[in-house]
Amino acid sequence: HNCIDSQCTDTLEQNVRQEQIETSRTKPTIRHKSTPHFLVNAYSLHNYAHIHLIIPETLHEMPLRVTNVAKV
């Protein structure tokens, strides 16, 4: 799903496990919020042409493109 619009936050610290043993090291984890909105990368699917045919025209958008990497 879209974490930015869903306002998911990086609020949890989870202990790292190594070979099934919990260590004292921690790593940040995302607390995802429930949302009915999901992103589908249809271009990565092997049957994109079939999926494209059934998606309503109102949902067709150009994929995000970064034209100037230096600005990002």
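A: Ser6 is buried, because its relative accessible area is 13%, where buried means under 20%, exposed over 50% and partly exposed in between, with a 1.4 Å probe and protein chains only. The model is predicted, so local features need pLDDT of at least 70 and side-chain atom pairs count only at pLDDT 80 or more, while totals for chains, interfaces and linings use all residues. Residues are numbered from 1 along each chain as its sequence is written, and side-chain values use heavy atoms, with hydrogens and water left out.

Ser6 belongs to helix H1, residues 3-6; helices (H or I, at least four residues) and strands (E, at least two) are DSSP runs numbered from the N terminus. Apart from neighbours within four places in sequence, Ser6 contacts His1, Lys33 and Thr35, a contact being heavy atoms within 4.5 Å.

Arg31 lies in strand S2, residues 21-31. Its relative accessibility is 44%, which means that Arg31 counts as partly exposed. Outside the four places on either side in sequence, Arg31 touches Cys8, Thr9, Thr11 and Leu12.

Leu59 sits in the segment after helix H2 (48-54). Leu59 counts as exposed because its relative accessibility is 58%. From Leu59 to Arg25 the C-alpha distance is 43 Å, at a sequence separation of 34 residues.

Now the whole chain. The protein has two helices and two strands, in the order α-β-β-α from the N terminus. Its radius of gyration is 18 Å, well over the 11 Å that the globule rule gives for 72 residues, so the protein is more spread out than a compact globule. That radius is taken over C-alpha atoms, and the rule is 2.2 Å times the number of residues to the power 0.38. Along the principal axes, the C-alpha atoms fill a box of roughly 50 × 30 × 25 Å.

Of the 72 residues, 8% are buried. Among contacts between residues at least 6 apart in sequence, 26% join residues at least 24 apart. The accessible surface comes to about 7100 Å², and carbon and sulfur atoms account for 55% of that surface; accessible areas come from the Shrake-Rupley method with a 1.4 Å probe.
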